[in-house]
Amino acid sequence: MAVPVAAQDTGWTAAQTAIIVAALIAIFGAIVSAALTYAFNQRAARRERLAQVFAEALQAVEDYAELPYRIRRRRGTPEARYELTEEVSRIQSRLAYHQALLRIEAPTAANAYTRLVRVVRRRAGSQMRDAWGKPVLLADTEMNLRMAYPRRDIDSERARCVREMRKALGRRRK
């Protein structure tokens, strides 16, 4: 009895190799694409988080710089004085918190922020002492103080700080 002969085995072909190589290239491309997307998303998320940290830190500075106006417009009650002194303490705490956080997150920006805090404490601190010494305002018409507390030094130091924060975020434009 004769055994049927199977179709002749021709071996591995160039077409089969091309299919495998194309599949490997596609897999490799997908892996690289996913890795790059993940890295860019992480970088963008970090920048967004850091920008939020910077904004909150600057808000604390502005809150402190506004205190002389709030003190000047205070109500003449012991409760109002207590609330204002508590607010001063909360803002002082926020300033310290942001200084420490920036030391961890962005040391070069932290140096600029520390200088800004030093300037705002010196300038607004003396303005607050002056505001506490003024008589309590009694009429609505007195609430418009018709004068601005000088803050040129605060504004210029703030501009320097913002430049350092922009550098830390990787933004070089003014």
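I began with Tyr69, which is buried, with a relative accessible area of 16%. The cut-off I applied is under 20% for buried. The model is a predicted one.

Next I looked up aromatic pairs and found 1 in the structure. It is formed by Tyr69 and Tyr149. I noted the distance of the centres and the angle of the planes, because a pair of aromatic rings is described by these. For Tyr69 and Tyr149 the centres are 5.0 Å apart and the planes stand at 75°, an edge-to-face arrangement. Tyr69 belongs to helix H1 and Tyr149 to the loop between H3 and H4, so the pair ties together parts 80 residues apart in sequence. I checked Tyr149 too: it is buried, at 7% relative accessible area.

I then turned to helix H2, residues 78-105. H2 has 28 residues and spans 40 Å from first C-alpha to last, close to the 40 Å expected at 1.5 Å a residue. I listed its buried residues, among them Ala80, Leu84, Val88, Ile91 and Leu95. Glu87, His98, Gln99 and Glu105 are also on the buried list. Residues three or four places apart in an α-helix point the same way, because there are 3.6 residues a turn. What do the buried residues of H2 pack against? I found H1, helix H3 (107-133) and helix H4 (152-169).

Trp12, Ile20, Leu24, Ile27 and Ile31 make a nonpolar patch of about 570 Å². I picked out Ile27, which lies in helix H1, residues 14-72.

Technical notes:
Residues numbered from 1 in each chain as written. Predicted model: local features only at pLDDT ≥ 70, side-chain atom pairs only at ≥ 80, totals over all residues. Heavy atoms only, no water. Patch = residues over 30% accessible without salt bridge, like charges linked within 9 Å, V, L, I, M, F, W, Y side chains within 5 Å. Areas by Shrake-Rupley, 256 points an atom, 1.4 Å probe, with all protein chains shown as cover. Salt bridge = Lys/Arg side-chain N within 4 Å of Asp/Glu carboxyl O. Helix = DSSP H or I, 4+ residues; strand = E, 2+ residues; numbered from the N terminus. Expected span 1.5 Å × (residues − 1). Buried < 20%, exposed > 50% of the residue type's maximum accessible area, 1.4 Å probe, protein only. Contact = heavy atoms within 4.5 Å. Phe/Tyr/Trp six-rings, centres within 6.5 Å; stacked < 30°, edge-to-face > 60°.
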